[in-house]
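Please read the following explanation with the sequence and the model side by side. It goes from whole chains to single residues.

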Amino acid sequence: MGRFIARRLVAASIQVLVVTLIAYMLFYVISAVTGASPAQRVAGHGATPEQVARVAHLLGLDTPWYSQYWRFLVGVVHGDFGYSFQQRLPVAELLLPAAGVTASLVVGAAILWMLIAIPVGLVGALRPKSAWDRVSAIAVQIAISAPVFWVAPMLAYLLAYQPSQGKLFGLSIPPITFFPIQGYVPMSQSVSGWAISLTLPWLALAVGFAAFYARFVRAFTLEQLGEEYVLVARAKGASTPRILSTHIAPIIAPAIITLLGLDVGATLGGALFVEVTFGLPGLGYMAFSAIQNLDYPLTIGVITFAALMAVLANTVADIAQATLDPRVRIAGGVGNRADGRLR
Amino acid sequence: MSLSFSQNTRRRVTYGAVIVGVAALLAGCSGSSPAPADSGATTAAGSPSASSNSAGAAAPAVAGGAATIGLPAGGIDHLEPTLWYMATSWEVAFATCTPMLTFPDEAANPGAQVVGGIADLPVMSDGGKTYTFTLRPGIKFSNGNAITAEDVKYTWLRMLSPELASPGAGFFSNIVGASDFNAGKAKTVPGISTSGNSITFKLDKPIGSFLYRMTMPFACPVPTGTPMSAVEDGSILGSGPYIVQSYTPNQQMVLVKNPYYNADALGARGKLDTITIQIGVDANAAGLQIRAGQMATYMDRLASADASTALQDPTLKGQVFVGTLPSTTYLWLNNSVAPFDNPKVRQAINYAIDRDSLLRVWGGPSQGSVTDQVLPPTMSGWQKADIYPSKGDVAKAKELLQASGVTLPITATLRVRNDAAGYVNLAEAVQAQLAEVGINVKIESAPDSVNQGFITVPANKIPMGISTWTQDYPDPDDFFGPLLDGNRITPTSNNNYASFNSSSANTQIEAMDAVTGPDRSTQWNAIDQQVMTEDAPWAPLINPNLVSLVAKGTCGYVFHPVYALDLTTLGMCG
């Protein structure tokens, strides 16, 4: 297991290094081709070329890209992501609160979508072609088809704005504020305020994923329910809950966990639409304005952080999968051969 | 300002309109038509003129209370006064800082008249090359310490220092020794000296707009000994009616009353006890929040769809305001590239453009007004010129093109930003209109940061483009100097995108440095009309508007002609 983890961590480091190198090079290619100048942006439009040159020197932009990249790498090793060109604050100081917001959003949403997906998928698998299964299949199809940039504002409108105007799904109610239309309350300020400010964002982000995961859970469970070992378990008198928890769950869990790791990792990079719609100061929004302002250190910081999160989530998922399924760690990276041997 | 309201908002509208526009539209109701904006004035929706502002949210507020105000993400670029430059940051600056000179808390032209700040209006001598300011007695920083002339001198040295690399330094390069100090070649600025409670600035030549430049918040007073590095937590902003109680970048800022603000010396300012600025509010959702009473108002532009529905909603009468921004959106024509080096071609383009149609593309009368002048109507003493017909005159355009001797069709590239609402649409409309007179336009669009890289380098010889310029201070030399003075064309970082370099115009523009008093605006108006009639280096298109919505129960809304939202006048209704 130790060798497995070490191998995954080395691979993860290389992935992060490659991502940052590509991001750095892209910026410099764009600058070289278009003449776009972060120093000009920082110096303001009243600045003379001499002043722009001085700002470039101050920002360290007058050195070759590879030396800037090396400086960045050395900084990262020391936990220093450099200074934002635009805000002149340490990137880490800007990054950490934003990462906290995005983590709150994504982790909360992931819990929510799993809480929805597992029962919906299991009931669908246990009662295939029943009324419940057909209704949930339609709901799943709608949820998958509804883009988050539509779901999010509709939730804000229907559950935050309309109740404040005395309406709820067409019914007249006393004006009430269930949820803020936008805004984020840090957990340090108020736990209940934090949860209330994130309820609609969690829901907006979870709807689509819940539908996908409900499908996976249903399909995987249905497949396993047809296996002979389930028939044997049933013949021995095992109840359905016992079959699900003891026999089927350990088999389908690694696949679901792997998917979850990928999705959470990718979403941690910034759930831009949800963050924009609900005014959450997370990584996605930060990356967007950093790119617009040619704020290389902040952009690279966000990209590096997002890559780290994605790789970390994948690694955790791999390790979890390896823990649950010994074939993965025994395989030593040659999964098919191991699978064949075990079969 | 480096990032105008429109620039600041556009990036949000660009993608935000897709994201939340549906909710904004759902919130709309049918009702009366929007009223057109008066020149340079603020107009309440459904009202014919600025005079109706006495009702609704424009009624004076009472003192006390607290309010939450929305601000888009990235709306605060800095709280370090030598560095802040965004229009929305300067709204905070107007509440937290009292510069040497400032502006009254009033709408329209009265709000653009320079008045004393921490100093009285200065005594000018030496033919406009020396300005002596006397500090007002009894003024203090928020820590209770008196603001002295030495503090003011230190503030200026800090702003001009190479360590801070302030974008404000360029506006004061005519102070004797300032350029050398800023370049790190000198240890002090001989042009700034103090004596008792007075401070003197010596210039290397008269600068007619010097008083306006002294209002800029770059030189917000800071105590002697403030670090020569950026202080971004707001702790050094101690001279305005409000101070920053707390600031979490990209999340929230809380302003409270400055206990040492001397209202007797500086004038009574500030109604609310506490102002919470919620950062990261999307323009598209801001309207819903204001309607729901979760926010008093928004410090930036509402999304155009939301602005339109708000303007047509009779239940919001007296709560919606349309203010003209101190900006001009223009089609610049590269005067150094054939055939745009021919004034008749440039005049023909000005005739070929149907500005009324372009305004519809831009969002209609609520979003701006058409213009054929360089200067926006917010400029003091501005006079409407009517140089070119707003509906265009294609026959006249064709006649001028024929007289120019150029061979048709002309093919030219037009560069425009694509990360802000309206610009590409404008470019496409211009493309269609110019095609009618035999000018084939090829549009190249890119995000602003990339587009600027192309158009600020004259050697790239970009034939034409659409850009917006927003004033740094309300004097015409902030338009004519950087945009049209050929002697200020630089090989990089050039703002004269049209590469307009007319020796007679250069002489006229530079001669204005020596002109002060009422003649100044009269002469600038004459230059504006003459340049646009004879040289036509651009085709000015639109002066953009800012549509604001104010929540019920909030009063004291003032659309300030320099800073837009005046936080100090906002408060609860009586």
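Predicted model: local features only at pLDDT ≥ 70, side-chain atom pairs only at ≥ 80, totals over all residues.

Chain A holds 15 helices and two strands. Of the 343 residues in chain A, 42% count as buried. Among its contacts between residues at least 6 apart in sequence, 67% link residues at least 24 apart.

Chain B has 16 helices and 23 strands. Its C-alpha atoms fill a box of roughly 70 × 60 × 40 Å along the principal axes. For 574 residues, a compact globule would have a radius of gyration near 25 Å, and the 23 Å of chain B agrees with this. Buried residues account for 61% of the 574 residues of chain B. Of the contacts in chain B with a separation of 6 or more, 75% are between residues 24 or more positions apart.

The two chains touch each other. Their contact takes 53 residues from chain A and 57 residues from chain B. On the side of chain B that touches chain A, the elements giving two or more residues are α1 (5-26), β11 (274-279), α7 (283-291) and α13 (448-455) of chain B. The largest share comes from α1(B), with eight residues. By residue type, this side of chain B divides into 29 nonpolar, 21 polar and seven charged residues.

Chain B can also be read by domains. Its domain assignment gives domain 1 (5-94 + 241-324 + 546-572), domain 2 (97-219) and domain 3 (327-545). Where domain 1 of chain B meets domain 2 of chain B, the contact takes 26 residues from domain 1 and 26 residues from domain 2. On the domain 1 side, α2 (87-96), α6 (263-266) and β21 (559-560) of chain B each supply at least two residues. That side is made up of 16 nonpolar, eight polar and two charged residues.

The largest nonpolar core has 198 residues, and L105(A), A156(A) and A210(A) touch the most other members. Domain 1 and domain 2 of chain B each give at least three residues to this core. Apart from its neighbours within four places in sequence, L105(A) is in contact with L198(A), P201(A), W202(A), L205(A), A271(A), V274(A), L280(A) and G282(A). There is also a second, separate core of 58 residues, which includes M379(B), V416(B), V430(B) and M464(B).

Strands of a sheet pair through backbone hydrogen bonds, in either the parallel or the antiparallel sense. This sheet is open and has five strands in the order β9-β10-β11-β2-β12 (chain B), with mixed pairing. At its edges stand β9 (242-248) and β12 (297-298) of chain B, each with a single partner strand, so one side of each has no neighbour in the sheet. Further in, β10 (residues 252-257) of chain B pairs with β11(B) in the antiparallel sense over five bridges; here L255(B) stands opposite I275(B). Strand β2 (residues 66-71) of chain B pairs with β11(B) in the parallel sense over six bridges, and Q278(B) in β11(B) is the bridge partner of G70(B). Two bridges join β2(B) to β12(B), and these strands run parallel. In β12(B), T297(B) is the bridge partner of I69(B). As noted above, β11(B) is also among the elements on the side of chain B that touches chain A.

How much of helix α14 of chain B is buried? Seven of the eight residues of this helix (residues 477-484) are buried, so α14(B) is largely enclosed by the rest of the structure. The buried residues are D477(B), D478(B), F479(B), F480(B), G481(B), L483(B) and L484(B). Their cover includes β18 (464-470), α15 (503-511) and α16 (518-535) of chain B.

S366(B) lies in the loop between α10 (355-362) and β15 (368-370) of chain B. Is S366(B) buried or exposed? S366(B) has 22 other C-beta atoms within 10 Å, and 20 or more is the cut-off for a buried residue, so S366(B) is buried. S366(B) and V547(B) are 181 residues apart in sequence, while their C-alpha atoms are 7.3 Å apart in space.

How values were computed:
Residues numbered from 1 in each chain as written. Chains lettered and ligands numbered in written order. Contact = placed C-beta atoms within 7 Å. Helix = DSSP H or I, 4+ residues; strand = E, 2+ residues; numbered from the N terminus. Nonpolar A, V, L, I, M, F, W, Y, C, P; charged D, E, K, R; others polar. Domains from an automatic or database assignment. Buried ≥ 20, exposed ≤ 12 C-beta atoms within 10 Å, placed from the backbone. Core = buried A, V, L, I, M, F, W, Y, C linked by C-beta atoms within 7 Å. Pairing = 2+ DSSP bridges. Rg over C-alpha atoms; globule rule 2.2 N^0.38 Å.
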